[in-house]
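Hi,

Here is the structure I said I would pass on. Have a look at it first, and my notes follow below.

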Amino acid sequence: MKDDCIFCKLANGVFETNTLYEDDQFRVIFDASPATKGHVLVIPKEHYANVFEIPEDLIADAYKVAKKVATALKEVTGCEGINILQNNGEVAGQTVFHLHIHIIPRYEKGEMVQWTPGELDEAAVKEIIERSKGLL
């Protein structure tokens with residue numbers, strides 16, 4: 001646990017939370033500024049700033065928890081869809097630098113997580129594929 005990290009403290013029970021689920025690796029709490037009813041965060045108890053730092057087996061376990069929680073939320077809230085997302089870096093929308101996964105129930109008339117579809121740049125795709133060889 002990192003002493004100056006609020007999410008470390010929330011995940012490890014230093015501060016009281018509205019906990020939906022907890023196991024030895026994660027705590028799932030309700031977001032303090034929810035996008036919708038039922039918006040929760042899956043937070044690892046160990047500190048990792050982002051997806052680049054967390055071990056592969058732990059991020060896999062985090063998404064297993066996310067699936068379990070999303071399934072329960074869909075049943076309980078009656079939502080019509082769910083966003084599961086995780087931001088890495090300030091330009092990607094990360095504001096707390098402790099990895100966490102958002103689970104956001106979506107309802108028929110609610111706002112959506114959206115982006116403006118662009119045009120596929122075939123040259124850029126080919127360059128990325130070529131430069132990624134040996135890294136993946």
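A word on terms before anything else: helices (H or I, at least four residues) and strands (E, at least two) are DSSP runs, numbered from the N terminus. Keep in mind that this is a predicted model, where local features need pLDDT of at least 70 and side-chain atom pairs count only at pLDDT 80 or more, while totals for chains, interfaces and linings use all residues. Residues are numbered from 1 along each chain as its sequence is written, and side-chain values use heavy atoms, with hydrogens and water left out.

First, the overall picture. The protein has three helices and five strands, in the order α-β-β-β-α-β-β-α from the N terminus. Along the principal axes, its C-alpha atoms fill a box of roughly 50 × 40 × 25 Å. Of the 136 residues, 34% are buried (under 20% relative accessible area; exposed is over 50%, partly exposed in between; 1.4 Å probe, protein chains only). Take the contacts (heavy atoms within 4.5 Å) between residues at least 6 apart in sequence: 52% of them join residues at least 24 apart.

Which of its residues are buried? They are Leu58, Ile59, Ala62, Val65, Ala66, Val69, Ala70, Leu73 and Thr77. Looking down the axis of helix 2, these buried residues fall within an arc of 145°, so they line one face (the arc is that of the directions from the helix axis to the C-beta atoms).

As for the buried ones, they pack against strand 1 (19-22), strand 2 (26-30), strand 3 (40-44), strand 4 (81-85) and strand 5 (101-106). Just after helix 2 comes Gly78, with a positive phi of about 75°.

Leu20 sits in strand 1 and counts as partly exposed because its relative accessibility is 41%. Beyond its neighbours within four places in sequence, Leu20 is in contact with Val28, Phe30, Val40, Val69 and Leu73.

Finally, Met112 lies in the loop between strand 5 and helix 3 (122-132). At 53% relative accessibility, Met112 counts as exposed.

Cheers
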